[in-house]
Amino acid sequence: MMWYTHVVFGVLFYLIAVLFGAPMSLINIGMAAFGALMPDIDHPKSYISTKLPGGTVMPRFVEHRGATHTIEAAFLITALVGGLAYWITDSYWPGMAFFLGYISHLFADTLTVSGIKWSRFSSFHPRGKIRTGTRGEGLVLILVTFTTLVLFAYLLLPEETSRNLGWVMLMALIATFAIIGKKLKRLK
């Protein structure tokens with residue numbers, strides 16, 4: 001999946017956690033998006049590798065969709081990032097948000113034709129039908145972005161969203177294409 005699809009998946013996963021009691025916070029939403037990008041630190045041309053200082057070092061040592069695309073890496077990297085975030089914020093929620101974003105990345109990559117091995121200690125290698133950078137991914141991106149926007153509206157204004165669901169869905173659909181329209185044009 002492309003980096004922007006991963007970001008939307010990460011935000012969606014965190015907003016689902018908000019439904020179950022996680023605090024609504026821009027820091028946590030940002031950490032979920034950051035976590036959703038982190039597994040691709042193993043690819044030299046990934047968005048995070050090119051933007052993060054020292055990001056091009058990791059690809060020299062690990063293969064893409066290898067070690068960083070496992071549940072073990074999710075726990076290890078979350079412990080590091082979450083520990084730093086806890087030290088800065090005095091809250092464990094940014095670390096939890098990062099973890100949910102990381103897991104969302106693994107889930108999204110499982111939907112692709114190459115899939116991922118979720119653990120280095122297992123031969124289980126689930127694969128989906130979506131090809132990265134194609135219209136298939138575009139359809140997923142539309143659905144996930146739309147769902148994320150409707151859920152965000154509900155979490156911010158639950159009564160108004162419930163009362164005006166048709167309008168909220170129409171606005172979410174318009175916003176979906178406004179947000180991701182240029183990205184969709186790049187897909188094959």
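**The core and its surroundings**

Mentor: The largest nonpolar core here has 41 residues, and Tyr 14, Met 38, Ile 77, Phe 98 and Tyr 102 have the most contacts inside it. By such a core I mean a set of buried Ala, Val, Leu, Ile, Met, Phe, Trp, Tyr and Cys residues joined through side-chain atoms within 4.5 Å. Buried is under 20% relative accessible area, exposed is over 50%, and partly exposed is in between, with a 1.4 Å probe and protein chains only. Two or more residues each come from helix 1 (3-19), helix 2 (26-37), helix 4 (71-89), helix 5 (93-110), helix 6 (135-156) and helix 8 (165-186). Helix 1 gives the most, with nine residues. Helices are DSSP runs (H or I, at least four residues), numbered from the N terminus.

Before going on, keep in mind that this is a predicted model: local features need pLDDT of at least 70, side-chain atom pairs count only at pLDDT 80 or more, and totals for chains, interfaces and linings use all residues. Residues are numbered from 1 along each chain as its sequence is written, and side-chain values use heavy atoms, with hydrogens and water left out.

Now zoom in on Tyr 102. Skipping its neighbours within four places in sequence, Tyr 102 is in contact (heavy atoms within 4.5 Å) with Gly 35, Ala 36, Met 38, Pro 39, Thr 68, Thr 70, Ala 73, Ala 74 and Ile 77.

An α-helix has 3.6 residues a turn, so residues three or four places apart point the same way. From first C-alpha to last, helix 4 reaches 25 Å with its 19 residues, close to the 27 Å expected at 1.5 Å a residue (that is, 1.5 Å times one less than the number of residues).

Look at the loops on either side, too. Most residues other than glycine have a negative phi. Arg 65, in the loop between helix 3 (47-51) and helix 4, has a positive phi near 60 degrees. Asp 90, in the loop between helix 4 and helix 5, also has a positive phi, of about 60 degrees. Arg 65 is buried, with a relative accessible area of 18%, whereas Asp 90 is exposed, at 60%.
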